[in-house]
Amino acid sequence: MDKKPNQHFETQAIRTQMERSSYSEHSSALHLTSSFVFEDAEEMRASFAEEKQRAIYSRFSNPNTSEFVQKVVQMEDAEDGVAFASGMGAVFATFSTFLNAGDHILSARAVFGSTHALFTKFFPKWNIETTYFSATEAIDHLENLIQPNTRCIYVESPTNPGVEILDLEALGKLAKKHNLLFIVDNCFATPYLQQPIHYGADLVIHSATKLMDGQGRVLGGITVGKKELIRALYLFARNTGASLSPFNAWVLSKSLETLAIRVDRHCDSALEIAKKLEKHPRINGVKYPFLNSHPQHQLALKQMKKGGNIISFEVKGGLEAGRKFIDATQLCSLSANLGDSRSIITHPSSTTHSKLSQEEQSEVGITPGMIRLSVGLEHHEDIWNDLKEALDA
Ligand SMILES: *Cc1c(COP(=O)(O)O)cnc(C)c1O
């Protein structure tokens, strides 16, 4: 793999490339193959013994998967990584590798819905308990939540859908002090906006399905971090099978070439729209990290390059008004994805977070009338006109 340490983010994303095949293709070849062939019995033995670094079987590794991993490793300033079939594949494998039965997780309360399901419905089978803390909880209070069996601190920032910001530096220091693994799901920010490893994260997880693909086509996931941790994760992954398909890796690697330019536009449009929403008389409040009015605006400025593409806002009139509003939009899609080139609008209270009680919803910053907007790459004036017409209707 060709890599030059002093190049910029965009250049590395474009110029990191697997070896060319004998056809001298310019864009990376797609190695859609389940296995690879050996010259002789000795080469096969040496490959299985890991004396020779080469692809054996696509559940273990594949040139397309390796190219995708290498790009994300560089973007996150990590040492190594493992790719997965989906973001949840990455989340589950990461916890399964590093936690033992009876361990304890200290997690921010606002985590992705399926991650919450792992913590509350599946991990208890192995006697693994989770304690939640709120995004704004003071660090000295968090310290009281650490138990002798606590193994890791887990957070997402910005959170979904409340776009709250977690203090990565403070959490990184706390984790280090208590010898805990600090694991960050960096999906909403992308490594272009925020690199948790610089704040002490040991492992960084992504759903590549979101802004990394950015065009709503394939599922994928990845975990990156320190070499020795990734080695353990790799052994778990290659034996348990949630491997990223070579085709999806090929799509995702190509997508990363445009990550910086896309995320810049997503964020610039989101800020424009957030400012306009804030002034609209039918809106009760707007949450966007790069608005002055965001309660953690200073923290967002410190750890993020731009504000991301997710805005949450409250339509006056609560639940029914919120649902009517999204029905009245024409351009925005009603869809479960986010970070797509197409703007997507959802009503978390009745969909993605409907399994939480009213009280739990409010604890993660969800109100009945809250709308989550994933700002796409359409022209920001067209997105705004759609929202404005729906609000005025
Ligand atoms: C979507 C998402 C996931 C899960 O990713 P999949 O690719 O859908 O499995 C995990 N974390 C966050 C923050 C997400 O948005």
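The model is predicted, with local features needing pLDDT of at least 70 and side-chain atom pairs pLDDT 80 or more, while totals for chains, interfaces and linings use all residues. Residues are numbered from 1 along each chain as its sequence is written, and side-chain values use heavy atoms, leaving out hydrogens and water.

Reader: Happy to start with the rings: how many aromatic pairs are there in the whole structure?
Author: Glad you asked! Rings of Phe, Tyr and Trp (its six-membered ring) pair if their centres lie within 6.5 Å; planes under 30 degrees apart are stacked, over 60 edge-to-face, and the rest tilted. Searching the whole structure gives a count of 13.

Reader: What is the angle between the planes of Phe-95 and Phe-119?
Author: Their centres are 5.3 Å apart and the pair is edge-to-face. Phe-95 belongs to helix α4 (residues 87–98) and Phe-119 to helix α5 (residues 113–122), so the pair ties together parts 24 residues apart in sequence. Helices here are DSSP runs (H or I, at least four residues) and strands likewise (E, at least two), numbered from the N terminus. The angle between the planes is 80°.

Reader: Which element holds Tyr-154, the other partner of Phe-95 in a pair?
Author: Phe-95 and Tyr-154 make a tilted pair, 5.0 Å centre to centre with 55° between the planes. Because Phe-95 is in helix α4, this pair ties together parts that are 59 residues apart in sequence, and Tyr-154 lies in strand β4 (residues 150–156).

Reader: Is Tyr-154 buried or exposed?
Author: Buried means under 20% relative accessible area, exposed over 50%, and partly exposed in between (1.4 Å probe, protein chains only). Phe-95, at 1% relative accessibility, counts as buried. At 0% relative accessibility, Tyr-154 also counts as buried.

Reader: On to the strands: how many residues of β7 are buried?
Author: Strand β7 covers residues 221–225 and is largely enclosed by the rest of the structure. Gly-221, Thr-223 and Gly-225 point one way, with Ile-222 and Val-224 pointing the other way.

Reader: Which residue in β7 is the bridge partner of Ser-207?
Author: Two strands pair if DSSP finds at least two bridges between them. Strand β6 (residues 203–207) pairs with β7 in the antiparallel sense over 5 bridges. Strand β1 (residues 80–84) is also joined to β7 by 5 bridges, running antiparallel. For Ser-207, the partner is Gly-221.
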